[in-house]
Amino acid sequence: MTRSPNPYQDDRGNKDRSITRAGGAGLDFPERGGSALPDPGGPFLAAEAMTGGYGAADILHDCTLRVEKGQIAVIVGPNGAGKSTAMKAVFGMLKLRGGHVTLDGEDITALSPQDRVAKGMGFVPQVANVFPSMSVEENLEMGAFLRRDDFRTTMEQVFDLFPILRDKRRQAAGELSGGQRQQVAVGRALMTQPKLLMLDEPTAGVSPIVMDELFDRIIEVARTGISILMVEQNARQALEIADQGYVLVQGANRYTDTGAALLADPDVRRTFLGG
Ligand SMILES: Nc1ncnc2c1ncn2[C@@H]1O[C@H](COP(=O)(O)OP(=O)(O)OP(=O)(O)O)[C@@H](O)[C@H]1O
Ligand SMILES: [Mg+2]
């Protein structure tokens, strides 16, 4: 992917301003400075050579995933490839037999998921990612449970990013549309003010228009300096917004390159993107 020195003028995402709203998200987290080139200090997240599974048999085999600060990394691959398992491993929900995970240079391999949240990881799992009987606002408050400070400002930032949630703040999350529920799930993860946001199939079951909209919001989040690690079934569209792409097959890295390079690779296109 060609990188523009201006992070606000990159070639990611939907350019229809009626959808992306001029002026940006209003998330006033610190913005990333300078270029989107790899940090000489190493990637913000480095999950190196992860090997492990749920029982005796390994699902992941030497799986490596890296995300630079403020960039979007996308994992694609067939059903059962181990994409969700890799996300769980990064988040500390899976005991690894081999490999290690570092966040901002710190080895966090031994930390629990709760401790990883405290270190700046936010995770939106593939299933059961909202509390359906709780209101939108209560779901967001649940996201802030680790915080001891005033989280009202962050909630306002989430509402600025997803204005429909402000309108529906008193409504039960279970009554919302699929796309709105995914917004609640992403918003809840943002309530912990993560430095790395991990999303497992955030656009599952939503229409193409809602998918585009959600991807645009994810780009806005990345522009504030938050790193994104995302699993996606909508491989082609997701690689279009990806700085870095990973094709996983049977728990192992099959192809790793920039999103643009993977989209242009004839083998990747034929085998994983439907031609
Ligand atoms: N909790 C579990 N216990 C045992 N095996 C599991 C568990 N979760 C997943 N698996 C197995 O691990 C393998 C990888 O599953 P995983 O859910 O990581 O794949 P995936 O790439 O996320 O698939 P999908 O695209 O369907 O979401 C599969 O063979 C699956 O059956
Ligand atoms: Mg999965």
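The structure contains an open sheet of six strands, ordered β6-β7-β8-β3-β9-β10 with mixed pairing, where strands are DSSP runs of E with at least two residues and helices are runs of H or I with at least four, numbered from the N terminus, and where two strands pair if DSSP finds at least two bridges between them. Because β6 (121–124) and β10 (252–258) stand at the edges with a single partner strand each, one side of each is left without a neighbour in the sheet. The twist averages 15° from one strand to the next, with axes fitted as lines to C-alpha atoms, for helices over the stretch in contact, and angles running from 0 to 180 degrees between N-to-C directions.

This is a predicted model, in which local features need pLDDT of at least 70 and side-chain atom pairs count only at pLDDT 80 or more, while totals for chains, interfaces and linings use all residues. Residues are numbered from 1 along each chain as its sequence is written, and chains are lettered from A and ligands numbered from 1 in the order in which they are written.

Within the sheet, β3 (residues 72–76) and β8 (residues 227–231) pair in the parallel sense over four bridges, and the bridge partner of I75 in β8 is V231.

| Helix | Strands touched | Angle between directions |
|---|---|---|
| α2 (residues 83–91) | β3, β6, β7 (196–200), β8 and β9 (244–249) | about 150° with β7 |
| α8 (residues 208–223) | β3, β7 and β8 | about 150° with β8 |

Helix α2 is mostly covered, eight of its nine residues being buried, a term that requires 20 or more other C-beta atoms, placed from the backbone, within 10 Å of a residue's own. Just after α2, G92 takes a positive phi of about 90°. Both A86 and V90 are among the residues with the most contacts inside the largest nonpolar core, which has 70 residues; such a core is a set of buried Ala, Val, Leu, Ile, Met, Phe, Trp, Tyr and Cys residues joined through C-beta atoms within 7 Å. M198 is another of those residues, and, not counting residues up to four places away in sequence, its contacts include M87, V90, F91 and L229.

Elsewhere, G187 is found in helix α7 (residues 178–190) and counts as buried because it has 24 C-beta neighbours inside 10 Å. Leaving aside residues up to four places away in sequence, G187 touches L140, V158, F162 and L165.

Note on methods: A residue is buried if 20 or more other C-beta atoms lie within 10 Å of its own, exposed if 12 or fewer, and partly exposed in between; C-beta atoms are placed from the backbone. Two residues are in contact if their C-beta atoms, placed from the backbone, lie within 7 Å.
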